[in-house]
Amino acid sequence: CSAMAMKYLGEVIDIHGGGQDLIFPHHENEVAQTEAFTRIEPMSKFWVHNGMVQLGENTMSKSKGIFVTSRDAIDAYSADALRLFFLSSHYRSPLKFSKENIIAQERGIRRLRQAMAVTSVPTGEILSPEDFKSQFVRAMDNDLNTPRAIATLFDLSHEINRASKRETNISRAQSTLKELSNILGLTLSTPQRSAQNVSPLIELLVETRERLREKGQYEDADHIRTRLEGLGYTLEDTPGGTEWKQLH
């Protein structure tokens, strides 16, 4: 590892990352070997050790077969929701991977998308996003405090929605929301939909979900709801049956 790092990054690395399980002995040995060889300290200016991801009560481990592949996660959830999920906890903290946690992030992504979709008036008072931008930068400068940065995005989206009802020009605020979201890797793009009428397909999936629930197969039924939410459709269970609508 050290030889490869020196080849491509030089004798001093700006940022060195890895899981907390690698601090000892792997990284301590790497520092000792590299600094003894180069006689330059420090080997790395910053160390970024991430907390471990848990699946149920266990830490994800490929060697033990306790893991979820990226492909399976992308098949089940939207990329933006997964990014928001991983960033919702500070990188040094442990993170529990669960369907419920990611579904909550799907809802959060929809809130940000909705703020981007609000229509701005060309005249009138302008909503300034500068305070929110400053808060975001301070959070990221504070050891990559992504939970606080994300909270700032939601504060800004809330203010955008409020200001739109006052016929305020929110275009600058929306541009800033997009810019800051992009820094975190969030696209806020609406899932692409086919130009064809998808109503029959949605109705079929709703009926299938109902039959699964009747048979007690709730996990499979919830999977259908989650996938539809990721594609931009929400289901609401009412006394008269399940209703669905397309999100904007």
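Trp244 counts as partly exposed, at 22% relative accessibility; partly exposed lies between buried, under 20% relative accessible area, and exposed, over 50% (1.4 Å probe, protein chains only). This is a predicted model, in which local features need pLDDT of at least 70 and side-chain atom pairs count only at pLDDT 80 or more, while totals for chains, interfaces and linings use all residues. Residues are numbered from 1 along each chain as its sequence is written, and side-chain values use heavy atoms, with hydrogens and water left out.

The structure holds three aromatic pairs. Rings of Phe, Tyr and Trp (its six-membered ring) pair if their centres lie within 6.5 Å; planes under 30 degrees apart count as stacked, over 60 as edge-to-face and the rest as tilted. The rings of Tyr233 and Trp244 have centres 5.8 Å apart and planes at 65 degrees, so this pair is edge-to-face. The two residues are eleven apart in the chain.

Elsewhere, Phe85, Phe86 and Phe97 form one aromatic cluster.

The chain has ten helices and seven strands, where helices (H or I, at least four residues) and strands (E, at least two) are DSSP runs numbered from the N terminus. Its radius of gyration is 23 Å, well over the 18 Å that the globule rule gives for 248 residues, so the chain is more spread out than a compact globule. That radius is taken over C-alpha atoms, and the rule is 2.2 Å times the number of residues to the power 0.38. The C-alpha trace spans about 70 × 55 × 30 Å along its principal axes. Of the 248 residues, 36% count as buried.
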